[in-house]
Amino acid sequence: MLSNSKFENGIFEYTYRTHFSQVGTHDVLTNKSILSILENIADAHSVYCHFTFSDVARYNLTWVILSWKLQVLKKIEANKDIKVQTWCSGASKAFFYRDFKIFDEQNNLCAIATSKWCLVDIDTSKISSMPPEICNVYNIFHEETVFGKNDVVKITIPTNEPIFSDTYRIRRFDLDLNKHVHNLNYLNIAYELLPDEIYDGDELNNVEILYKRELKYGDTVKSYLYKDEDCYYIVIKSLDESIIHSIVRLF
């Protein structure tokens with residue numbers, strides 16, 4: 001994987017070949033597939049810098065993603081070479097920010113995204129301070145933010161009544177290596193609530209996901225769909241509604 005990559009001026013770049021299993025009903029890459037590519041490129045960058053899940057496990061820590069924000073500017077087809085860039089746009093004592101760009105074979109900008117990460121103590125499940133050497137590990141930060149200075153995901157739940165709700169029990173295939181629901185599988189739950197005419201149409205180009213509390217195998221959630229103007233909000237709660245696990249915004 002790393003043979004197709006380079007690292008210059010704080011930007012990690014990788015050339016990736018898209019494939020058929022990543023497309024949806026309209027023969028273009030789904031939003032989930034795009035986010036999966038970005039997640040894998042982030043991991044490749046960490047491999048390059050020797051700071052992977054295995055490396056942070058030495059500190060009894062694991063990486064956890066707290067939010068995604070994706071905007072698709074141009075649909076991406078299967079069997080195409082795309083250039084994916086990622087960089088660390090900033091860090092604080094507890095959080096780490098990573099941005100992305102995707103370009104097609106003609107160097108057209110196809111998608112931009114930003115994400116927020118943290119390190120969590122494996123035993124306590126509490127957010128941990130970043131190891132002091134993290135800036136050195138990633139060499140330098142590239143301060144560009146693809147959405148500007150206000151790109152941190154903040155989603156406010158609409159005050160109107162939900163238009164639909166559903167329940168779902170977490171299965172084994174939903175889980176990741178932390179034995180929590182994989183961050184992209186929240187999209188599966190969200191998309192199940194969309195009206196047929198929206199789900200069957202061209203996929204919405206903007207995705208924002210805010211993660212608030214992890215979900216584990218056997219949990220049952222109740223999800224609510226709201227519409228506010230042209231935006232759809234999916235709020236994923238515990239069955240007794242005492243905990244908000246995630247909020248998804250699609251438009």
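**Entry 1: the largest pocket**

I began with the largest pocket and found that α1 (31-48), β3, β5 and β6 each give at least two residues to its lining. Helices (H or I, at least four residues) and strands (E, at least two) are DSSP runs here, numbered from the N terminus. The model is a predicted one, where local features need pLDDT of at least 70 and side-chain atom pairs count only at pLDDT 80 or more, while totals for chains, interfaces and linings use all residues. I number residues from 1 along each chain as its sequence is written, and my side-chain values use heavy atoms, with hydrogens and water left out.

How many residues line the largest pocket, and which lie nearest its centre? I count 37 in the lining, with W63, V64, I65, D176 and N178 nearest the centre. My pocket is an open set of points on a 1 Å grid over the protein atoms alone, with protein on both sides within 12 Å along at least five of seven lines; a 1.4 Å probe tests for fit, and lining residues have an atom within 4 Å of a point.

I get about 830 Å³ of space for the largest pocket, a volume being the space filled by probe spheres set on the points, which are joined across faces, edges and corners. Sorted by class, its lining holds 19 nonpolar, 9 polar and 9 charged residues. For that sorting, Ala, Val, Leu, Ile, Met, Phe, Trp, Tyr, Cys and Pro are nonpolar, Asp, Glu, Lys and Arg are charged, and the others, Gly among them, are polar.

**Entry 2: the second largest pocket**

Next I looked at the second largest pocket, which holds about 450 Å³ of space. It is lined by 20 residues, and G24, T30, Y191, Y199 and E203 are the closest to its centre.

Which element gives the largest share of this lining? I find that α4 does, with 3 residues. Both α4 (185-191) and α5 (196-199) supply at least two residues each.

**Entry 3: salt bridges**

I then searched the whole structure for salt bridges (a side-chain nitrogen of Lys or Arg within 4 Å of a carboxyl oxygen of Asp or Glu) and got 6.

One of them joins the side chains of R17 and D81 at 3.4 Å, N to O. R17 sits in strand β2 (residues 11-17) and D81 in strand β4 (residues 81-91), so this pair ties together parts that are 64 residues apart in sequence. I also checked how open the two partners are: R17 is partly exposed at 45% relative accessibility, and D81 is partly exposed at 32%. My cut-offs are under 20% relative accessible area for buried, over 50% for exposed, and partly exposed in between, with a 1.4 Å probe and protein chains only. R17 and D81 are also linked with E105 in a network of salt bridges.

Another salt bridge brings the side chains of E144 and K101 together at 2.8 Å, N to O. E144 is in the loop between α3 (134-137) and β8 (164-169), whereas K101 is in strand β5 (residues 95-103), so the pair ties together parts that are 43 residues apart in sequence.

E208 is buried, at 7% relative accessibility.

**Entry 4: positive phi**

I flagged N79, a residue other than glycine whose phi is positive, near 60°. N79 is in the loop between β3 (61-72) and β4, and it is partly exposed at 48%.

S125 also went on my list, with a positive phi near 60° in a residue other than glycine. Where does S125 lie? I place it in the loop between β6 (109-121) and β7 (127-128), and its 44% relative accessibility makes it partly exposed.

**Entry 5: cysteines**

Last, I looked for disulfides, meaning pairs of cysteine sulfur atoms within 2.5 Å, and the whole structure gave 0. C49 is in none, and its nearest cysteine sulfur, that of C88, is 7.2 Å away. C49 is buried at 10% relative accessibility, and C231 is buried at 10%.
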